Amino acid sequence: MGITSSKTTVDEPELYATPLPSGAPNDKPQADWKSYDYVVVGGGTAGCVLASRLSEDPDVSVLILEAGPSHEGQLMSRMPLGFSKLLQGDCDWDYETTSQPNLEGRSLSWARGKMLGGTSGLNALVYHRSSPDDFDNWVRRGGEGWGYEAMRRYFDKSERVVSDPQAPIDTSHHGLSGLWKVRSFPITTISTRFIEAAERVGIPRKTDFTTSEGTIGAGPCMTFIDEKGERSSAASAYLPPSVLRRPNLTVAVRAMVEQILFTPVADGAPPRAAGVRLAARRSGPHFGVAAKREVVLCAGAIASPQLLMVSGIGPAEHLRKHRIEVVRDAPDVGQHLSEHVNSGSMIYRAKLGMTLDALNRPLNAISALVRWLITGGGPMSVPPTEAAIFVRSDDESLPYAPKGRAPTQTVSRSSGPGAPDLEIVFCPMTIIRINTGFLVPPSDVEGVTIGAILLHPESNGSITLQSPSIWDKPLIDAQYLASENDVKVLLKGMRLTLRLAKTEPLASCFQPIARAKEGVDHYWASNVDPDTVTDEELEKLLRRNAQSAWHPTCTVRMGTDPATSAVDPELRVHGVQGLRVVDASVFPAQVSGHTCAVVIALAERAADLITGKVTV
Ligand SMILES: Cc1cc2nc3c(=O)[nH]c(=O)nc-3n(C[C@H](O)[C@H](O)[C@H](O)COP(=O)(O)OP(=O)(O)OC[C@H]3O[C@@H](n4cnc5c(N)ncnc54)[C@H](O)[C@@H]3O)c2cc1C
C-alpha cells in the first residue's frame with residue numbers, strides 16, 4: 001500500500017518523510033528527520049534531469065518531491081497528438097494571468113505540467129535549441145559560463161537524435177547518445193507548401209533549425225518522440241524504470257512542498273536551507289525532510305519564485321505585507337517575467353483531406369487511435385506544429401507591409417545579429433481556443449492555424465503572492481503588449497502571415513468563405529486582403545485574440561550582481577547557503593524560440609556544476 005502501481009514512485013509521505021506534530025512550530029529541520037543529500041523540489045523538466053544525473057553516484061542520496069502524479073498511465077501525455085486534451089485537466093496547474101489591460105482586460109489561461117516530467121509531459125513537443133546568440137547574450141547579462149559553446153555541449157549530451165528516412169537531417173549537428181529521444185518526422189503536404197511559400201517571399205529554406213548557420217529560415221520542426229511513437233518527456237527519458245529502481249533515488253509524487261526550511265546560523269552568516277515541509281493535502285498532515293547537502297528548487301518559472309517568497313526569500317516589503325518572516329531581502333525574485341506572446345490563431349479554411357482535422361470525424365479518430373496503440377504510427381504520433389519560420393523584424397527584404405508601402409519602423413530586440421525576433425508557427429489543424437484545449441470545428445470543415453510569436457518582448461511582468469500559502473495560486477501579471485514596439489513588431493508578424501497565405505503553393509490549398517462578421521467567424525484571416533487591411537484593424541484583432549505562447553522565463557534570473565539578479569551563475573540563491581534554483585526561471589534573458597530543450601540542457605549543466613565536474 002502507498003506505493004503506486006509502478007512500484008517505483010512513492011505517494012505516501014510516511015514512507016520517505018518525517019511526520020510533523022500538528023500545532024507545534026515546524027519551521028526548522030530537526031536532527032531526527034529523514035534526510036537525503038539532495039532534495040529536489042519539483043519533478044518537472046529540469047527536476048527529472050537533475051535527479052537522474054545526481055543519482056548516478058551511488059554514494060549520494062536523492063529525493064524528488066513532485067506535486068503531481070506519476071507520468072505513467074497518462075495516455076494523453078504519451079500520445080503526441082493528445083496533448084491538447086491535457087489542458088485544464090488533472091495534470092495541468094491551470095494558472096490564469098491577472099486581467100491584462102492591453103488585451104481588452106482579458107485574463108489568459110496558462111498551462112503548466114503537474115506530473116512527473118512537468119511541462120515536458122504536457123507541452124506541444126517542438127524540439128528547438130533557440131539561437132546561439134541567445135546564450136552569448138546570457139553571458140553579457142551576467143550568466144557567466146553559459147555561452148553557446150558551453151551550452152552546445154549540453155544540448156548534445158542531452159539528445160539521442162534519430163533522422164527519419166522520410167525526413168532526413170544531418171545528424172552531425174546533434175547529439176547521438178543522450179537520454180532524450182529527439183527526431184525529425186515527415187510532415188503533411190500542406191505544411192510543406194507553407195515552407196515553399198515562405199521560400200517564395202525570400203525566407204531561406206532549412207531542413208533543420210539546429211545547424212551552425214543559426215536558426216533563421218523556414219522549415220519542418222523536430223520533435224521529442226521515441227521509436228514507439230510516444231512522447232519522450234523528461235520523466236520517460238531521464239527516469240526510466242532502471243533509474244527509478246536505483247536504491248539511492250526516491251521519487252515521491254503527490255507531494256506538495258509548502259516551504260523551504262532554514263537552520264539557525266551564527267550571527268551575520270548567510271541562512272542555510274536545510275530541508276522542506278510538505279503535505280499531500282492543504283489540510284495536512286504535514287511532513288518534513290532534511291537536506292544534508294542542498295535543496296534544489298526545480299518548480300518552474302511560476303512556482304519557484306512563489307516558493308522562494310512563501311519561504312521568506314523575496315522583496316522584503318512584499319513579504320511583510322503577507323506577514324512572512326524575511327529570511328533574505330531579494331528584490332529580484334518574481335520580477336522580470338518574460339513571456340512570448342502569440343498573435344492568436346489565424347485560421348484558414350482548407351480543402352478537405354489536406355489537414356489533421358479529418359481526425360475530428362469519430363471513425364477517423366478511432367482508427368487513428370487504434371493504429372497508434374498497435375503500431376505507434378499514424379497521425380496520432382505527430383506533434384501539432386509541423387513547420388515554423390524564424391525571421392527578423394528588421395529584415396527589409398521581407399513583405400511586412402502592403403504592396404507599395406514601406407514597413408513600419410520598429411526596433412528589433414533580438415539577442416544578436418543571427419537571432420530572430422519573430423516566429424511564425426504552422427499547424428495543419430484548426431485550433432480555435434489555443435490556450436484552453438482546442439475547440440473542435442464542425443466535422444465537415446477543415447483548416448490550418450498559423451500564429452505569429454514575438455520572441456523578444458520589451459514588456460515584462462511579475463509573479464507576486466496572493467497569500468502566504470503555497471496552496472493559493474500566485475498573481476501572474478505578464479504585462480502583455482505594454483510596449484508599443486512589441487505591438488508593432490507583432491503586427492509585422494501578422495502581416496507576414498497574411499502574405500504567406502496568399503502565396504503559392506499554399507494559397508491554392510485554401511477555400512474561400514463567405515464574408516463573416518469580424519471577430520465572430522474564426523476564419524476571419526481567410527477574408528483579409530494583406531494590401532488593404534489597416535494596422536488599426538489588425539491591432540484590434542491582436543488585442544482581442546493574443547494568447548500566451550507558454551514560455552515564461554527569467555523570474556529568478558541569474559547574474560553576478562545580487563542587486564539585479566536572484567541566483568549566481570552557479571544557480572545558488574544569492575546570500576543563502578545550500579539552495580539552488582534550476583529551471584526556466586533562472587534564464588538571464590528570454591531565448592529566441594521554444595524553451596524545453598534549453599531547460600533540459602541547462603539542467604544537464606547544472607548537474608555538472610553541482611557535482612563539481614565543471615566550474616563557472
Ligand atoms: C502547453 C505548453 C506547450 C509548450 N510547448 C512547447 C514546445 O512545443 N516546445 C518547447 O520547447 N517548449 C514548450 N513549452 C515550454 C516548455 O515545456 C517549458 O518551458 C519547460 O518544460 C519548463 O520546464 P521547468 O523545469 O522550468 O518547469 P516544469 O517542467 O513546469 O516543472 C516544474 C515542476 O514542479 C512541480 N511543482 C511546482 N510547484 C511544486 C511544489 N510546491 N511542490 C512540488 N512540486 C511542485 C510541477 O508540478 C512541475 O512538475 C510549452 C509549455 C506549455 C505549457
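Where in the predicted model is the place of Pro-505? The place of Pro-505 is in the loop between α11 (484–501) and α12 (524–527), where helices (H or I, at least four residues) and strands (E, at least two) are DSSP runs numbered from the N terminus. Glu-504 and Pro-505 are joined by a cis peptide bond with omega of about 10°. A cis peptide bond also runs from Gly-284 to Pro-285, with omega near 5°, and Pro-285 has its place in the loop between β13 (272–279) and β14 (286–297). Residues are numbered from 1 along each chain as its sequence is written. The model is predicted, and local features need pLDDT of at least 70, side-chain atom pairs count only at pLDDT 80 or more, and totals for chains, interfaces and linings use all residues.

Two packed helices are described by the angle between their axes and the distance between the axes. For helix α1 (residues 45–54) and helix α14 (residues 596–610), the axes come within 8 Å and cross at roughly 30°, the axes being lines fitted to C-alpha atoms, for helices over the stretch in contact, with angles running from 0 to 180 degrees between N-to-C directions. On the side of α1 the contact is made by Thr-45, Ala-46, Val-49, Leu-50, Arg-53 and Leu-54, and on the side of α14 by residues including Cys-596, Val-599, Leu-602, Ala-603, Ala-606 and Ile-610; two residues are in contact if their C-beta atoms, placed from the backbone, lie within 7 Å. The residues of this contact divide into 12 nonpolar, one polar and two charged, with Ala, Val, Leu, Ile, Met, Phe, Trp, Tyr, Cys and Pro counted as nonpolar, Asp, Glu, Lys and Arg as charged, and the others, Gly among them, as polar.

Helices α1 and α14 also belong to the elements that give two or more residues to the shell around the ligand, together with β12 (256–263) and α8 (300–310). The largest share of that shell, four residues, comes from α8. Of the 42 residues around the ligand, Gly-42, Gly-44, Gly-118, His-594 and Cys-596 come nearest, a residue being near a molecule or strand if its C-beta atom, placed from the backbone, lies within 6 Å of it. By class, the shell has 22 nonpolar, 16 polar and four charged residues.

The largest nonpolar core has 191 residues, and those with the most contacts inside it are Val-39, Val-40, Val-41, Leu-50 and Val-582. Such a core is a set of buried Ala, Val, Leu, Ile, Met, Phe, Trp, Tyr and Cys residues joined through C-beta atoms within 7 Å; a residue is buried if 20 or more other C-beta atoms lie within 10 Å of its own, exposed if 12 or fewer, and partly exposed in between, with C-beta atoms placed from the backbone. The largest share of this core, 11 residues, comes from α14. Beyond residues up to four places away in sequence, Val-582 touches Ala-46, Leu-50, Val-296, Cys-298, Leu-571, Leu-602, Ala-603 and Ala-606. Val-295 lies in strand β14 and counts as buried because it has 29 C-beta neighbours inside 10 Å. With residues up to four places away again left out, the contacts of Val-295 include Val-39, Val-41, Ile-260 and Val-276; the C-alpha atoms of Val-295 and Val-276, 19 residues apart along the chain, are separated by 8.0 Å.

Several loop residues were also examined. His-336, in the loop between β16 (328–329) and β17 (341–342), has a positive phi near 65° although it is a residue other than glycine, and His-336 is buried, with 23 other C-beta atoms within 10 Å. Cys-554, whose place is in the loop between β24 (547–548) and β25 (579–581), likewise has a positive phi, near 75°, and counts as buried with 24 C-beta neighbours inside 10 Å. Ser-443, found in the loop between β20 (422–427) and β21 (446–454), is partly exposed, with 14 other C-beta atoms within 10 Å. Leaving aside neighbours within four places in sequence, Ser-443 is in contact with Asn-360 and Arg-361.
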